Amino acid sequence: MTYNLSRLIDLPKILDDRGNLSFIEELRHIPFKIERSYWIYDVPGGEKRGGHAYKENQEFIVALSGSFDVIIDDGKNRNVFSLNRSYYGLYVPKGVWRQMENFSTNSLALVLASTKYDAADYIFDYDEFKRMIL
Ligand code: TYD
């Protein structure tokens, strides 16, 4: 399994008449240990989030509710991943440009991260990002 590529990962789905259940175990369903979880919600229509890269942090993003798009740019290719189910998510390796947009009303994005929050890990300048990946 290649770990350094952005990709959708299917999660376990336990179907039940009482309602469905999915789960994530670190290093089993996602290729990193979880140091932090955060979630994005109440996003006003038309807003974009992200728009940066991380030097070290890896993430796994799940649409727990509603839908949104994650745009991944590795400096060569740009891919749009539409997340709209809670039984799969997007693995985002370090060193890619990522942006989130097209949030539906009441969407809820869960983000699992491999590092604690560190402002110094962010690259906000696209030209700097391009230079970094050369
Ligand atoms: P940021 O990561 O820039 O949000 P987005 O990429 O969605 O635009 O974070 C927004 C603010 O929240 C910023 O001031 C940093 C703060 N923040 C934390 O304090 N801890 C965290 O784990 C995260 C993700 C953000």
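**The ligand and its surroundings**

Author: In this predicted model, a backbone N or O atom of glycine 50 lies 3.1 Å from an oxygen atom of the ligand. Of the 520 Å² of accessible area that the ligand has on its own, the protein covers 59%.

The shell around the ligand consists of Arg36, Tyr38, Ile40, Arg49, Gly50, His52, Arg98, Tyr117 and Tyr122. By class, these residues divide into four nonpolar, two polar and three charged. Two strands, β4 (36-41) and β5 (49-54), each supply at least two residues of this shell.

Arginine 98, a member of the shell, deserves a separate look. Arginine 98 belongs to strand β10, which spans residues 97-101, and it counts as buried because its relative accessible area of 2% is under the 20% limit. Its side chain makes a polar contact of 3.3 Å with the side chain of tyrosine 38, which is itself listed around the ligand. Leaving aside neighbours within four places in sequence, the contacts of arginine 98 include Gly50 and His52, and they also include Ile61 and Ile72.

Ile61 and Ile72 are among the residues with the most contacts inside the largest nonpolar core, which has 17 residues. Strands β6 (59-65), β7 (68-73), β8 (78-83), β9 (88-92) and β11 (108-113) each supply at least two residues of this core. Apart from it lies another core, of nine residues, among them Leu11, Ile30, Phe32 and Leu112. In soluble globular proteins, nonpolar side chains tend to be buried together. Isoleucine 72, with residues up to four places away in sequence not counted, touches Arg98 as well as Leu90, Val92 and Trp97, among others.

Aspartate 42 is found in the loop between β4 and β5, and its phi is near 55°, a positive value in a residue other than glycine. Most residues other than glycine have a negative phi. Aspartate 42 counts as exposed because its relative accessible area of 64% is over the 50% limit.

Definitions and conventions:
Residues numbered from 1 in each chain as written. Predicted model: local features only at pLDDT ≥ 70, side-chain atom pairs only at ≥ 80, totals over all residues. Heavy atoms only, no water. Near = heavy atom within 4 Å. Polar contact = N/O pair within 3.5 Å; in protein donor to acceptor, adjacent residues only side chain to side chain. Areas by Shrake-Rupley, 256 points an atom, 1.4 Å probe, with all protein chains shown as cover. Helix = DSSP H or I, 4+ residues; strand = E, 2+ residues; numbered from the N terminus. Nonpolar A, V, L, I, M, F, W, Y, C, P; charged D, E, K, R; others polar. Core = buried A, V, L, I, M, F, W, Y, C linked by side-chain atoms within 4.5 Å. Buried < 20%, exposed > 50% of the residue type's maximum accessible area, 1.4 Å probe, protein only. Contact = heavy atoms within 4.5 Å.
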